[in-house]
Structure formats: C-alpha cells, structure tokens
Amino acid sequence: GSGRIHHPGLARRVVDADAAAAHIRHGDTVGMSGFTGAGYPKVVPQALARRISDTHAAGHPFRVNVWTGASTAPELDGALAAADGVELRLPYQSDPVSREKINAGLMEYIDVHLSHVAQMAWMGFLGPLDVAVIEVSGITADGDLIPSSSIGNNKTWLDQADRVVLEVNSWQSAALDGMHDVYYGTALPPDRKPIQLTRPHDRIGVPYLRCPEEKIVAIVETDAPDRNSPFKAPDADSQAIAGHIVEFLEQEVSRGRLPRPLLPLQSGVGNVANAVLAGLANSSFEGLTAYTEVIQDGMLELLCSGRMVSASATAFSLSPEGTARFDAEAAVLRERILLRPQEISNHPEIVRRLGVLAMNGLIEADIYGNVNSTHVMGSRIQNGIGGSGDFARNAYTSFFLTPSTAKGGAISTIVPMVSHVDHTEHDVSVIVTEQGLADLRGLAPRKRAELVIERCAHPDYRPALRDYYQRALRDSPGRHTPHLLAEALSWHTRYLADGTMRSQ
Ligand code: 0RQ
C-alpha cells in the first residue's frame with residue numbers, strides 16, 4: 001500500500017480497478033470527481049470503458065450517465081466517450097472525443113451553471129445517483145477523506161450516491177491535507193441560511209469530506225498525475241489584452257471606484273486568462289485576493305511572489321512546471337489557498353457580497369454586448385458555460401476577453417448578432433480584445449455598439465460592422481437596439497459557406 005489509508009477497516013477494502021468498476025452497471029448514473037483536469041479518478045473510468053467495450057462486442061448495451069465537477073481528462077471523458085459508453089454528460093466538459101460525439105448527436109450533454117449542479121441534484125431535478133467514483137489524496141485514521149487537487153461536487157456525490165468507489169492517489173501532494181474547506185451547512189429552500197463568508201479566505205467548514213463507511217464498496221490505490229496541460233507562453237494578443245485590463249484597473253482605482261488592493265479576482269480557464277494574471281504580476285498592485293474557481297499557473301505565481309495574499313477556489317489547473325512549483329512552495333501556499341465545493345466557490349450570494357472582478361473568455365460578442373461563450377457558429381458546442389455565468393451576473397465588474405479574430409483572421413469575434421447567447425447584454429460590463437477595451441457600464445444600446453465596434457473589433461472587420469450598424473440605424477423598425485434581422489447572422493452563414501466571414 002501507499003501508506004495513505006490510515007483507517008484499518010477501509011484499508012481492507014482495497015481492490016484492483018476492474019473489481020471496482022464491476023460495481024457500475026448499464027444504465028447507472030455515476031458521479032465522478034474532477035474539475036479542470038484536476039482530481040479526477042485515473043483508473044476506474046478506464047476499467048469501466050474496457051468493460052463497456054467488451055459488453056458492446058458481445059452484442060449487449062452498456063451506457064452510463066456521467067456527472068462531474070467540470071472538465072476531466074482523456075482517462076475519464078476520452079476513454080468513456082471512445083467506448084460509446086456515455087448516454088448523458090453534465091455539467092461541463094472540454095474533451096475532444098466527447099465534443100465530437102456530442103456534436104454528432106450521439107451523446108446528450110446538459111450544460112449547467114457550475115454553482116447550480118449540487119442544488120439541482122438535491123432538489124431531485126436530475127434523478128437519482130447510483131454510484132460515486134471519487135479521487136482523494138488520503139483517508140485519516142477516523143475514516144475522513146482528505147480531498148485531492150479539486151473538490152467540485154464531491155461532497156454532493158458522496159452524500160447522494162448509493163455506492164461509493166474511492167481512488168486514493170499517492171501522486172497528490174501530502175501538503176493538500178488541511179487546504180480544503182468543505183461546507184456542510186447548505187439546505188434547500190425554505191430552510192436556507194445566509195452563508196457566513198465575508199472575506200475570500202474565511203473558513204466556514206471542515207477540512208475533510210465525510211462518507212458513511214458502509215457505502216464504500218471499493219477502494220483503488222493509484223499513483224498517477226493530473227492532466228497538467230502546459231500553458232502557451234502569453235502571445236502578443238494576450239499581453240495586449242492584459243495591458244488594457246491593468247490600465248483600466250489603475251484608472252478605476254484613481255477614480256475611487258475600486259479600492260487600492262482591488263477586489264477579489266476571478267479568472268476563467270484558458271491561455272488568455274492565464275496571461276492576464278501574468279500581467280498583474282508585473283503591475284503595481286499588492287495585497288491582491290482571489291475568489292475564483294480555478295488556480296492556474298498565473299495565479300500560483302502571484303501567490304508565490306506574495307503579490308496575492310490569498311485565493312479561494314475549487315480546483316487547481318496547473319502545468320507540469322506549475323505542479324513542481326506548488327510542491328516546492330507548498331508550506332507557504334498552504335497558508336494562502338483554500339479549496340471549497342463548487343457550489344460555494346461559485347456561489348452567487350458570495351460573489352455579489354465580495355464584489356468579485358470576474359474575467360472570462362468568450363467565443364464571440366455582438367455589438368450590443370451579448371456574449372456567446374459556448375457555441376461555434378450557433379450549433380456546435382465548444383466546451384460549456386462553466387462558472388462564467390455564476391460570476392458574470394453577480395460580479396462587481398464583469399470582463400469578457402478575446403482576441404478580435406479567430407482561425408487566422410477568417411472569423412471576427414465581434415459580430416452583428418451572436419449566434420448563441422450565454423451572457424446577455426445585462427450581464428456584461430467590459431469587453432476587451434487586443435485592439436482595446438469597451439467599458440459598457442451605464443451606456444444605452446446605441447452607445448454600446450459604437451464603442452464595441454471602435455474599441456474592440458479588428459480593423460479588417462471594422463468597416464463592415466460600421467456599415468451594418470449604420471444601415472440598421474436607418475432601416476431597423478426599432479431604434480432602441482437597431483438590427484437588420486435578415487442580415488444579422490449573415491456573417492456566420494458566410495463562414496459556413498465560404499470558410500471566411502470576409503465579404504470579398
Ligand atoms: O480553437 O484551438 O481549435 O483553434 O475556440 O479559443 O482563443 O484559444 O481561447 O482557450 O481562452 O478559450 C470561450 C472557449 C475560449 C473558453 C473559450 C476557438 C479557437 C480555439 C479556444 P482551436 P482560444 P481560450 C470559469 C470560466 C467558457 C467557460 C468559462 C471557455 C478555441 O474561455 O470555454 O468561461 N469559456 N469558464 O479557435 C470559432 C469563434 C471562436 C472560435 C474562439 N468566434 N468561432 N471558433 N474559437 N473563438 C472556469 C470554468 O468554468 C471551469
């Protein structure tokens with residue numbers, strides 16, 4: 001054994017991955033751990049995928065519903081999707097094999113606000129949960145579960161599942177012990193109480209997850225790394241976006257609209273978000289805090305340097321270098337980081353109270369400030385809404401960031417009308433591209449359109465956007481949010497037909 005299981009009774013439940021996977025049956029709903037490639041089970045899903053393939057080869061059906069915290073990795077989503085083993089997936093995923101199956105109509109996918117998932121399960125809206133498969137980093141002598149590099153929905157899955165399978169992963173840093181804050185005070189309406197969290201680093205729960213011993217049907221020991229995708233070094237566009245944001249924050253402080261150490265930051269997934277944090281590392285801001293979902297390399301850097309004093313999240317999402325950095329500085333980082341269940345890390349009540357500065361990526365935005373975070377050309381899902389909606393609607397200021405073009409310039413990310421809406425104009429404060437920053441707060445629709453076109457659109461697409469907007473001003477039946485409905489999505493249909501949004 002790895003020495004990570006200190007409870008003698010539970011140590012006797014260790015089996016191999018195949019034996020553990022045998023507890024999962026055709027038609028089951030399985031709640032798995034995992035959030036942004038951290039803390040997902042490494043071996044049981046692969047054993048399950050092999051069983052599913054064998055069962056299909058013998059001519060029998062075998063599909064399961066898979067619920068997680070957020071995205072996982074090839075060993076989980078990839079393996080199960082490749083085996084055609086997933087009937088329905090929720091609430092967020094970014095695996096390319098699953099994406100293909102979903103977009104081919106072969107797998108159902110429900111894209112849910114991440115803070116909503118646990119309550120939806122408790123309210124019974126999703127149906128019963130049969131099995132939980134949860135990675136932990138150890139088990140105490142009392143049988144408490146030491147969470148690993150993410151918490152996500154693990155508390156809810158452990159509470160709700162009939163049967164529990166644990167993976168105890170000794171690859172996970174022993175320093176994680178004590179870094180978690182699991183809140184057991186949630187209730188359903190009408191019995192809810194205020195959540196007594198008023199500073200990002202407040203502890204309101206306990207460091208461990210609980211599970212009745214009799215529900216634990218199998219334990220598997222592993223020693224396998226998290227997904228640990230590398231980040232791209234910030235490119236010129238990302239650096240320009242970061243520069244616009246840092247300049248804007250400085251201005252807000254000098255105008256007295258933000259306090260000097262700023263307000264708690266939330267930063268989304270991806271390379272652009274990571275670059276913004278790198279930009280803050282080179283700014284004059286000190287004493288920063290974060291109330292966010294994910295701790296990426298850029299935030300780890302801020303925490304290590306002391307420029308950021310504390311961060312609350314539900315998961316890490318580190319590159320191999322970031323993981324090495326974490327291990328080297330674990331003693332300091334333990335004092336500065338708390339991981340919480342995602343229903344708390346993303347809780348609207350807390351995001352509103354703390355006044356979070358929310359920064360998330362987008363796929364496209366329209367001239368009025370509606371944002372599409374999830375769909376390519378209106379019908380193909382890319383990833384999902386994730387936590388962006390939890391933060392955007394309730395933030396103090398909600399930023400959306402993107403390069404002004406995609407696919408080598410064939411796509412303008414600023415379009416007349418978005419082909420899918422995740423964040424409405426009412427939830428979007430600031431749009432930033434490498435071209436510039438549009439502060440939409442306090443502006444009526446026509447002023448917003450002018451600013452988005454002039455500040456954010458790529459110069460190659462600006463004339464066509466101006467032309468659309470001017471003709472809409474002239475010919476639209478309504479002058480509040482002028483549009484030419486027959487033309488509003490023509491940029492998308494042109495791309496689908498010609499492979500470019502350019503008109504010549
Ligand atoms: O695809 O790699 O195949 O070329 O989308 O785009 O520019 O690398 O940007 O990694 O920051 O992701 C919105 C997807 C941006 C992400 C999104 C294509 C582009 C590329 C990725 P390729 P970039 P990023 C809390 C926050 C929703 C969840 C969220 C996301 C790929 O930020 O999933 O905010 N957000 N969570 O080419 C066609 C366009 C496109 C486009 C980009 N207009 N049309 N393709 N792409 N714009 C954290 C969590 O929730 C966990």
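In this predicted model, a set of residues in helix α9, namely Asn274, Leu277, Leu280 and Ala281, meets Asp297, Gly298, Met299 and Leu302 in helix α10. Sorted by class, the residues in this contact of α9 with α10 are five nonpolar, two polar and one charged. Helix α9 covers residues 271-281 and helix α10 covers residues 297-305, and their axes lie 7 Å apart at an angle of about 20 degrees. Angles under 35 degrees count as roughly parallel, and α9 and α10 are therefore described as roughly parallel to each other. The crossing of this pair, α9 and α10, is left-handed.

Helix α16, made of residues 445-456, packs with α17 at an angle of about 165 degrees, and the two axes are 10 Å apart. Because angles over 145 degrees count as roughly antiparallel, α16 is roughly antiparallel to α17. Where α16 passes α17, the crossing is left-handed. On the α16 side, the contact is made by Arg446, Ala449, Glu450, Ile453 and Glu454, while α17 brings Arg462, Leu465, Arg466, Tyr469 and Leu473. By class, this contact of α16 with α17 has five nonpolar and five charged residues, with no polar ones.

The loop runs between α17 (462-475) and α18 (490-498), and Ala486 is found in it. Is Ala486 buried or exposed? Its relative accessibility is 87%, and the cut-off for exposed is over 50%, so Ala486 counts as exposed. Ala486 can also be placed relative to Met107: the two are 379 residues apart in sequence, and their C-alpha atoms are 33 Å apart in space.

Attention now turns to helix α4 and its surroundings. Helix α4 spans residues 74-82, and its buried residues are Leu76, Asp77, Gly78, Ala79, Leu80 and Ala81. What do these buried residues of α4 pack against? Their partners are the strands β1 (29-32), β2 (64-67) and β3 (86-90), together with the helices α3 (44-57) and α5 (96-103). Just after α4, the backbone shows a further detail: Asp84 takes a positive phi of about 50 degrees.

Strand β3 is mostly covered, with four of its five residues buried.

Strand β15 consists of residues 357-361 and is mostly covered, as four of its five residues are buried. Which strands does β15 pair with? One of them is β9 (residues 265-267), which pairs with β15 in the parallel sense over three bridges. Here Leu265 has Leu357 in β15 as its bridge partner. Strand β20, residues 397-401, is also joined to β15, by five bridges, and these two strands run parallel. Within that pairing, Met359 stands opposite Phe399 in β20.

Conventions:
Residues numbered from 1 in each chain as written. Predicted model: local features only at pLDDT ≥ 70, side-chain atom pairs only at ≥ 80, totals over all residues. Heavy atoms only, no water. Axes fitted to C-alpha atoms, helices over the stretch in contact; angles between N-to-C directions. Parallel < 35°, antiparallel > 145°, perpendicular 65-115°, else oblique. Left-handed = near helix turned anticlockwise from the far one by under 90°. Contact = heavy atoms within 4.5 Å. Nonpolar A, V, L, I, M, F, W, Y, C, P; charged D, E, K, R; others polar. Buried < 20%, exposed > 50% of the residue type's maximum accessible area, 1.4 Å probe, protein only. Pairing = 2+ DSSP bridges.
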